[in-house]
Amino acid sequence: MIKLNINGRQREVDVEPEMPLLWVLRDVLDMKGTKFGCGIAQCGACTVHINGEPVRSCSFPVSAAEGQRVTTIEGISRNSNHPVQVAWVEHQVPQCGYCQSGQIMAAVALLRKKPNPTDADIDSAMTNICRCGTYARIRKAIHAAARTNRGAAKAAKA
Amino acid sequence: MKNASFKQSRRDFLANSVAATGGLAIGMHIPSAVAQKTGVLEGAEVNIWVVVNPDESVVIRYARSEMGQGSMTSAPQLVAEELDVDWRKVRIEYADTNRHVRLKRAWGDMATVGSRTIRTSQDYLRKGGAAARMMLVSAAAQQWGVPPGECTAAGGVITHAASRRRTTYGKVAAAAAKLDPPKDIALKDPKDWKIAGKSLRRIDIPASVNGAQRYGVDTQLPGMVYAAITKSPVFGGKVKSFDDSRVKTRRGIIKVMTVEGDAVAVVADNWWRAKEALKDVQVDWDTGANGGVSSTSLLEFFKAGLAAPEAALLPNRKGDAEKAIAGASKVLEAEYFTPFLAHAPMEPLGATVHIQQGGRVDVWASTQSGEAMLAGVANVLGVPTDNVYFHKTQAGGGFGRRSFPDFARQAALIARSMPVGTPVKLLWSREEDMQQDNYRPLAMYRLKAGIDASGHVVAWTTRIASGSLAAQLLNLPLKNGVDGPATEGFAEFPYEVPNQRHEYIQRRTHVPIGFWRTVGWSQSPFAREGFIDELARAAGRDPYELRREMLKDEKRPLGVLDAAAKAAGWGRPLPKGVFRGIATTEPYGSFTAAVVELSVDGKGGVKLHRVVQAIDCGYAVNPDNIVAQIEGSSVWALTAAMWGEITVKDGRIEQGNFDTYRLLRMREMPKVEVVIAPTGGFWGGVGEPGQAPFIPAMTNAILAATGKPVRSLPLKNQGFTLV
């Protein structure tokens, strides 16, 4: 049995240690928000966080996730109210939406590390593929979410 | 609809609603945006487009697919506009495919292709909304004993001003549903629109930001098994035999089987186990005669098509092009090449099929054509279409690939081989998706033109050598030997040239071909608009001014060209080293033009400084969605321009995943400005037209920068990189 901490919940799964985390999430635990796009860590549709760091779960063996904190798209907020999610809706980012779980996970991780990202920061952190071509809106939404965070930080200080 | 058929349809409707809730009970997640089906049971179906619930919420049916193009929002906007309902109370659900087929296609065309959703259904969508409103008003008027003409409707409320009486849609819907539909339906003038024409937020987006959106590949049913598949890597090949001795006893492996004679599938209790096992199944393929085909041999075959003495003549011939070229003061000739391309939607292909005792078949998949899926599965299983229930989901991109049910047929055959009642989910790997696509046809163009002494283009000839989607994919006869999609851009040649002749010659390949976003318009403008710039250069003319002269009576192409040029500031000085290119096109009922500003460094590094895109789509139903589609089309086009190519070696495709089929990423995204310039009076497409002018505008800017025309794609093969 492999013990996992996913979105704060303890889960136990009886699978091969080399099974990628993606397929444990999708097929064993029926958590479908994390997507399969390429299987070779190229597209980022399967991005989740391990201890807050973005990881491509299609190429990450489940055994390596044991004892770590795994966060998926289902775990970043309770009511879609994470500033990144709010900005994504505000700027009408998704088209087909399939890559957006991964894009959002990448953006959340970026903003945690760099609360005021420059365009160059966004370029280097956001390497996920979107075939619909929503990049311009992703960029705008990341800047908007950063502004929201700054506003919240200011309000907390005051 | 007459009463008899209406009763029939209502019964079917209830039956299907029960079926739908049954689907929920067995574990299928339905996206929140369409999860209101449970409420529908109490509601009144005023007509097939509109269901009004007692709580005043309204369900509007959507008959096409949603794959990111946004028409699941914009099409219902047209219904809601005429219905005069409060948009906040509207829920949208997919029209049921099974009922649609039994009602002889009551919802019109379900195929989501050709940028057609708005332009070919706007009339019946608006009339559907208006008819429902008229029936609701009539029902209220009958209850009050007043003429319907004295009543007004707004925001779901019906008012009889003279007697100061008011009621709501929810209160009269049951009575309205029993009325005959009206015969004469007047539609609003678009200038009075309050819901249509507005940038309303897309209804599917909230579910796309929290992981709740369910795509075909997300289907999960109790007792479901998973299949991975590999089809003959050489198209047309067959399975001779396979050896599964290395995988049979592995954990979770249920069976290994041949599918349709040309593929091998592994069925397991988990998809990863199936996919891993498939790698270790040794398949002996009979590749047939196609194992020797390569990109080089294909190129020779297409070049021979350009040189062949005979070809099919397009009907728009004018004057005597050969004679005029002979007498011209300057003659230009050029050959253009565009490669095969793969669709590569982010959601890989797949389908889930559940065959039950008693013969009912349920299918879940992301599709562009619910009808094609239903028919394809019924056909391969040999069951009546009435028995097949297709469950439409959001599609993770489609771009033309999902119009055909090949993957659902495979899933159905695997499901039939399992004990009755076992649901099977087939999922293709990315490599399978890349290597078993139906590809954008390879095409070559030979263009020749003559310019007179004063710099006017007096003659033009075109020879197109390309696959025929009509003949090769759809098995349709060609009219006078001419394929429609392959000749897009030349069949409707908008330029005023007194002597012109355009020809087409079919090149049938063993490589399967398909409709790829923007189809012929994704490739022919590269040749047509590129050659215009070559002519302008030869004649010493400004390429924008030359186009204006040659489009003199073409009001709309000229209008959109001017809109793009004006927004870009054509003619204004640019920073040193920056050059402009322009192009104009007329795809799918719309008119689009683009201006690209770029610089090219000494090593062939292309830097895009600015992209301006303009569209005249007649009426703009959801402007922000149009902007999104044109932004996305620009990415699609830039990706194809820089890197897109599918090549063939030993009869098989050389690319396999995103490491060998490069797609554009964030750091390469240029700034795109979109000008929506709707002139009204017609309905044009939106999902594809933005791609058409982009590549030639870009390559024309490269011509301006380097002095050398670009005649072959992708640009990476011509020594260019994207900076």
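I worked on a predicted model, where local features need pLDDT of at least 70 and side-chain atom pairs count only at pLDDT 80 or more, while totals for chains, interfaces and linings use all residues. Residues are numbered from 1 along each chain as its sequence is written, chains are lettered from A in the order in which they are written, and side-chain values use heavy atoms, with hydrogens and water left out.

**Interface, extent.** I looked up contacts (heavy atoms within 4.5 Å) and found 51 residues of chain A touching 62 residues of chain B. I then took the buried area, which is the accessible area (1.4 Å probe) that two parts lose on being put together, summed over both. For chain A and chain B the value is about 4800 Å², with 55% of it on carbon and sulfur atoms. Gln95(A), Arg131(A) and Tyr135(A) account for 18% of the area that chain A buries against chain B, more than any other three residues.

I searched for salt bridges (a side-chain nitrogen of Lys or Arg within 4 Å of a carboxyl oxygen of Asp or Glu) and got 8 across the interface of chain A and chain B. One of them pairs Arg137(A) with Glu631(B), at 2.8 Å from N to O.

**Interface, elements.** I used helices (H or I, at least four residues) and strands (E, at least two) as DSSP runs, numbered from the N terminus. On the side of chain A that touches chain B, two or more residues each come from α1 (21-28), α2 (83-90), α3 (100-113), α4 (119-125) and α5 (135-157) of chain A. The most come from α5(A), with 5 residues.

**Helix α2(A).** I checked burial (buried is under 20% relative accessible area, exposed over 50%, partly exposed in between; 1.4 Å probe, protein chains only). Val84(A), Gln85(A), Ala87(A), Trp88(A) and Val89(A) of α2(A) are buried. Their cover includes α3 and α5 of chain A and also α7 (205-208) of chain B. Just after α2(A), Gln92(A) has a positive phi of about 50 degrees.

**Backbone in chain B.** Most residues other than glycine have a negative phi, and most peptide bonds are trans. I noted these cases against that:

- Asp84(B), in the loop between α3 (71-83) and β4 (90-94) of chain B, has a positive phi of about 60 degrees and is buried at 16% relative accessible area.
- Lys104(B), in the loop between α4 (97-102) and α5 (117-144) of chain B, has a positive phi near 55 degrees and is exposed at 73%.
- Leu713(B) and Pro714(B) are joined by a cis peptide bond with omega about 0 degrees; Pro714(B) is in the loop between α19 (694-706) and β28 (721-722) of chain B.
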